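I opened the notebook to go through this model feature by feature. My entries follow in the order in which I looked things up.

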Amino acid sequence: MSVLIEILPSRRGQVVVKRGNVPVLPECGRPTLPGVISERSCAFYGARWMLAAIPDVIHLVHGPAGCAYYGSTVRRKSYRIFSTQLVERDIIFGAGAKLYQAVLEACALDPHACAVLVYATCGTGLIGEDLLAVCNRAARKVNRPVVPVNAPGFCGRSQAAGHDIAARVLLDYFIGTGEAREPVDNGVNVLGEFDVQGDLDEIDALLKQLGLKLICAFSGRASVSAMAGAHRARLNIVHCQRTGHLLAEGMQDRFGIPYLKVSFFGLEETASAVRSIARFFGTTGGKEVIEEGIRNARKAVTPFLPKLAGKRVALFFGASRMGSMARAFAELGMDVVMIGSQFGCREDYQDAEAKIKDGAVLIDDAPEKDLEEFISERRPHLMVGGTKEKYLAHKLGVPFLVFPQEMSPFAGFRGFINLAREAAGLVSAPVWRMAWPKCYLALQAKES
Amino acid sequence: MRLKEIPIDGIPYDRLKITKIPAAPEYVPRDPELVPAANRVVVVNPNRICMPIGAMWAVLGVHRAIPFVQGAQGCTTYARYTFCRIFKEPATIATASFHEDAAVFGGRKNLAEGIRNLVVRYWPEVIGVVTTCSSEIMGDDMVGFLKEARAGLIKEIGEAKTDETTIVLINTPSFAGSHVDGYDRAARAFVEALATTGDAPADRVNIIPGMLYPGDIREIKHLLREMGVEATVLFDISETLDAPLEPPQEIPYYPPGGTHVTEIKQMANARATFALQPDAGGSGAHYLERKFGVPAVVGPVPIGIANTDTFLQNLSRITGRKIPASLRTERGRLVDAMADTFHHTMMKRVAIFGDPDAIAGVTRFVCELGMTPVAVAAGTPSKNFAREIDSIFAEYQDLFLATPKVFNGGDLFEFEEYLKTLPRLDLIIGHSKGVDIARELEVPLVRVGFPIYDRFGYQKRPVVGYRGAELLLYEIANEILDYRYPDDRTQQL
C-alpha cells in the first residue's frame, strides 16, 4: 500500500494509510533509529514534564549543568532548579557524597520545602550511582522525604518512560500519604493535566458547574499537601491517558478510587466527558451544562467555520490526544490527512484510527525527514505539532498551530472556541498569500 | 524597599514567581554562608549550558552540515528546542538514539547505523559528530567507530559517494565544561580536521566570531566589506539560522549559506585569524598559528567603541588597508548618540551577567556610557574574562564609587541574592534566564547574549560594531527612560 512518502526501510510498518474498513495500525513502541532527526526526547525530559510544576519541593538534578539548565524550562514556564553540576572528578570518583551534601544545602536554602526530588541523568545512571541509598541517608538527616527520580535519559524508548517513572514516584512517595479520612463526597482528581495556558481553569470551571471539587490535578495544580489528600477523591478523571493511566491504575489498586478516561478537547468529547462524570455522581445538572456549553460554542465558532471547511490538517504530537484532537478538528469541518505521535501506544492509535477518514496517514515516531516529505507531498493547509516542527513547516510554506498550545486554553467548550479562532486565523493568514508567489498559487489550486 | 518586606499571604517572595500556591508560612532569610556559590556544592539556577550545544551551534554554521549527537535523544531534542526558540528556525540535528542497550554495550552500533542513515537520507556535505556525557563515560572509541562507519559506507555506496561527506569529530563531554567550551572545541576540531596548506597564501583573513547571533555576524561582514577585506567566517550562522521563507523548498531542506568546507580548508593560508571571543573560538586561532603560522588575534569582542576601534585597527594593521571614511562616520554617529543620551545613562547602576566574552565587551561599553557596573557575573569561569574585567575597572576607576563585584563562574542564585543586598539598581543586562531576577528586583532587563528566547528579533539585531553599539545604546537608554522617569519628563525630550 503506497504511503506516498519515502521512509527508511527499517521504519516500514510505522507509517500506514487508512483504507476502507480494514483496520490498520502503525507499529509503535519501537526504539528510534539512530541517525534520524528525532522528535522524541529522553526519559529525563518526561520526568521533568510530569513533576516540574510541583511547587513546594526542591527539584535537584544530579547531573551536569546542562541537564539542569534544560530542565529549568518546562511548558514555557521557568522554575527554580538545583543541581549538583557534576564535573570530571565526580564522574571518575563518584558523586554520592556530593549529592548528600547538595541535598543538605538545598534544604538549608529552602527550609520550607516539603520534599526533595533528585533526578538522575545519563551521567549518574552510567557511573552507577546508588541514588536510593544516598537519598535515604539524606532523608534521615533533613527529616523530610528525599525521593530519587531514577530516569536517566537513555532509559526507555522516549520521554514516555520518564512519565511512567515520575508517576511511580508520585504513587510511592506522595499520593495518599495524608491521614486516612472519609472521602470527600464531591471530590475529584484530574490526572495527566498540566495546565498548559489555563486548560485546567476551563476544566475546573466545568467541574464546578457540576458541583464537584478539584482536590488535586497531576501535576498542573499539585502540591505535596494536595497530593497527600488525593486519596480522598471519589473519582479520578484521566485527561492525558499516557501520563495519567499509570496513576489511575495505581490509585485504584491502593485506594479503590475508580477512574474515567475522558478528553476535554472538542465539543463532543467534552460533552461525553461531562456526561459520564455527571452520571458517575448522579448529578442532574450535566445536561444543562452540556447544552449551554455547546450552544454558546457553536454560536461563537460560526464565523470561523467557512474559513476552515474542507481544509486539510495534519496532526503530530505527544500521544493520547491524537484521537480527541482529530475529532475536534473534524468538528471544525477540517479534513485530518495525517495523524501521528512521538510515542503513542496501540490504544492511542486505535482510538485515533477510528476518528479519521480514508486515505489519512497514521505515522509513529516520525522523524523530521518524514514530516518534511509529507508536508511537501500532501501540502496540508494547517499543521499541528510542537515547537520543533513549527519552523520547518513554515519554511515549507505551511501554517502551523503549536499544541500544547501557546496562547489560550483549548480545553472545554470555551477552549474549543479558541481552537477554532486560532486555526481559522492561521489558515487564512495573509502571510501565506505573500509567501507563495502567484505562479505557485496556481499550481496549488490545480492540486487541490 | 519593597523587596525586604515580607509578602502578603505568607508567600515567601522567592516563591511568588514560581506559583501562587503558598509554600510556607513566612519568609526565612537565607543562610549567608550558603549564598556564595563557592561555599556550596549545590548549584541553583545555573548560568551556563552544556558543551554539546556549543558544538551543535558551530556545526549548524557550516554549509550543508548536520550535527550528529552521540547520545540519548534528549541531548538532541533539548538543543533543537533551544535553537528553535532562539532563532525561530528549524534546527536539523541527528541523534544516535542511545537506549539501555547502548548504555550497556556502547555506542558502536548506533554510530555506524546512524551515520549511514543520515548520509543516505540527507546527503550532507559535513557531519559534525558531537559526543555527550554518556558516550564519553562509556568510553566510546569514536575514532575507531568512525573508521568502521566509513568502511561500511564505502561498501554500501562506494568510495566516491562516501567522500562527498566529511566527518568531523568533536569531543564534548558535558561535565567537562560549558557551551562556551563546546564552541571552542568545535572551532579547534574543524580547523584541525580540515585546514591544510598547499596553495599560495590568500589575501584573506579568518574570523571565528564565537557565539554571536546572525545579526552580529552580518554586522561584522559589513565592517569587513567597508574595509575591503575578504574573509572566511568560520561557523557563519548568519544565513543558516536566519533563512528566508520562500516556498517551495527542495527537500531535504537545507538552509542557505554557511561556511563551505573548501573555505575552512583554506583557513591555513590566511593572513591572520581573528577570534573575536577568546573563550569561544580562541583555541582554533591558536592552533592555526602554531601549525601554519597564521597570526592569531584573539579578542576582544567588538562591542562598544574601544573594542570596535581595536578590531578595526588590528584589521588595518594586518591587511594594510585604511579604515574608510564610512566607518568613521558610523563611529561619529555612535559618539553623537552617546553624547545625546549621556545625561540619562551616566552613573546609572547596572548589573551584567552571561557568557564571559560577551559580557566583558558589554561591561566595557556600559563604562564608556558612564554607567556604573555594580556586579558582573560570568557563568563560565574564565581567565581571559578576569583579566579583561580588571583592565576595564582599572581604566574606569574614577567613575566608580565602589569596586564592582565580579563573579567568575557561579550561578544565578548567587547573583540574584547579591543584587538583593544592594541599593536599588537601574538596569540588568543579560540573557533570558534573568527574567525572573529582573521581575523580582523590579528592574528592566536589557537582553544581550545567549540565549534570548522570550522576545522576537534579538537574534537579528547586532550589538557589535558601531551600528550595533548604537542600537544597544538606544535600548539601554529607552529602558532607563521607561523605568526611571515620569511621563511628563520623557515626553519633553
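**Entry 1: a salt bridge in chain B**

I looked up Glu263(B) and found it partly exposed, with a relative accessible area of 23%. This is a predicted model, so I counted side-chain atom pairs only at pLDDT 80 or more. Glu263(B) forms a salt bridge with Arg204(B), and their closest N and O atoms are 3.7 Å apart. Arg204(B) sits in strand 6 (residues 204-208) of chain B and Glu263(B) in helix 12 (residues 261-266) of chain B, so the pair ties together parts that are 59 residues apart in sequence. Arg204(B) is also partly exposed, because its relative accessibility is 22%, and the buried class ends under 20%.

Next I took Asp236(B). Its side chain meets that of Lys221(B) in a salt bridge, at 2.6 Å from N to O. The pair links distant parts of the chain, 15 residues apart. Asp236(B) is in the loop between strand 7 and helix 11 of chain B, while Lys221(B) is in helix 10 (residues 214-227) of chain B. Asp236(B) is buried at 7%, whereas Lys221(B) is partly exposed at 23%.

Phe235(B) is in that loop too, between strand 7 (230-233) and helix 11 (237-240) of chain B. I checked its backbone. Phi of Phe235(B) is near 65 degrees, a positive value in a residue other than glycine. Most residues other than glycine have a negative phi. Phe235(B) counts as buried, with 1% relative accessibility.

**Entry 2: a positive phi in chain A**

I found a positive phi in chain A as well: Gln197(A) has about 50 degrees although it is not a glycine. Gln197(A) lies in the loop between strand 8 (187-193) and helix 8 (199-209) of chain A. At 30% relative accessibility, Gln197(A) is partly exposed.

**Entry 3: cis peptide bonds**

Pro404(A) is in the loop between strand 16 (400-402) and helix 18 (412-427) of chain A. In chain B, the bond from Phe450(B) to Pro451(B) is cis, with omega near 0 degrees. I placed Pro451(B) in the loop between strand 14 (445-447) and helix 20 (465-484) of chain B. Most peptide bonds are trans.

**Entry 4: a salt-bridge network**

I then turned to the salt-bridge total. Glu373(A) and Lys369(A) make one of them, with closest N and O atoms 2.8 Å apart. Why is the separation of Glu373(A) and Lys369(A) about one helical turn? They are 4 residues apart in helix 16 (residues 368-378) of chain A. Glu373(A) is buried, at 6% relative accessibility. Lys369(A) is buried too, with a relative accessible area of 5%.

Arg11(A), Lys369(A), Asp370(A), Glu373(A) and Arg121(B) are linked in a network of salt bridges. Within it, Asp370(A) forms a salt bridge with Arg121(B), the closest N and O atoms being 2.5 Å apart.

**Entry 5: the interface**

How many residues of chain B are in contact with chain A? I read 80 residues of chain B in contact with 83 residues of chain A. The area buried between the two chains is about 7400 Å², and carbon and sulfur atoms give 63% of it. Tyr78(B), Arg121(B) and Phe175(B) supply 11% of the area that chain B buries against chain A, more than any other three residues.

For polar links, I noted 5 salt bridges across the interface and 26 residue pairs in polar contact, both residues at pLDDT 80 or more. Several elements of chain B each supply at least two residues to the side that touches chain A, including helix 3 (73-87), helix 5 (108-122) and strand 1 (43-44). By class, that side of chain B has 46 nonpolar, 17 polar and 17 charged residues.

Last, I looked at strand pairing. Strand 5 (residues 82-83) of chain A and strand 1 of chain B run antiparallel, joined by 2 bridges. Ser83(A) stands opposite Val43(B) there.

Terms used:
Residues are numbered from 1 along each chain as its sequence is written. Chains are lettered from A and ligands numbered from 1 in the order in which they are written. This is a predicted model: local features need pLDDT of at least 70, side-chain atom pairs count only at pLDDT 80 or more; totals for chains, interfaces and linings use all residues. Side-chain values use heavy atoms; hydrogens and water are left out. Buried means under 20% relative accessible area, exposed over 50%, partly exposed in between (1.4 Å probe, protein chains only). A salt bridge is a side-chain nitrogen of Lys or Arg within 4 Å of a carboxyl oxygen of Asp or Glu. Contact means heavy atoms within 4.5 Å. Buried area is the accessible area (1.4 Å probe) that two parts lose on being put together, summed over both. A polar contact is a pair of N or O atoms within 3.5 Å; within protein, one must be able to donate a hydrogen and the other to accept it, and residues adjacent in sequence count only if both atoms are side-chain atoms. Ala, Val, Leu, Ile, Met, Phe, Trp, Tyr, Cys and Pro count as nonpolar, Asp, Glu, Lys and Arg as charged, and the others, Gly among them, as polar. Two strands pair if DSSP finds at least two bridges between them.
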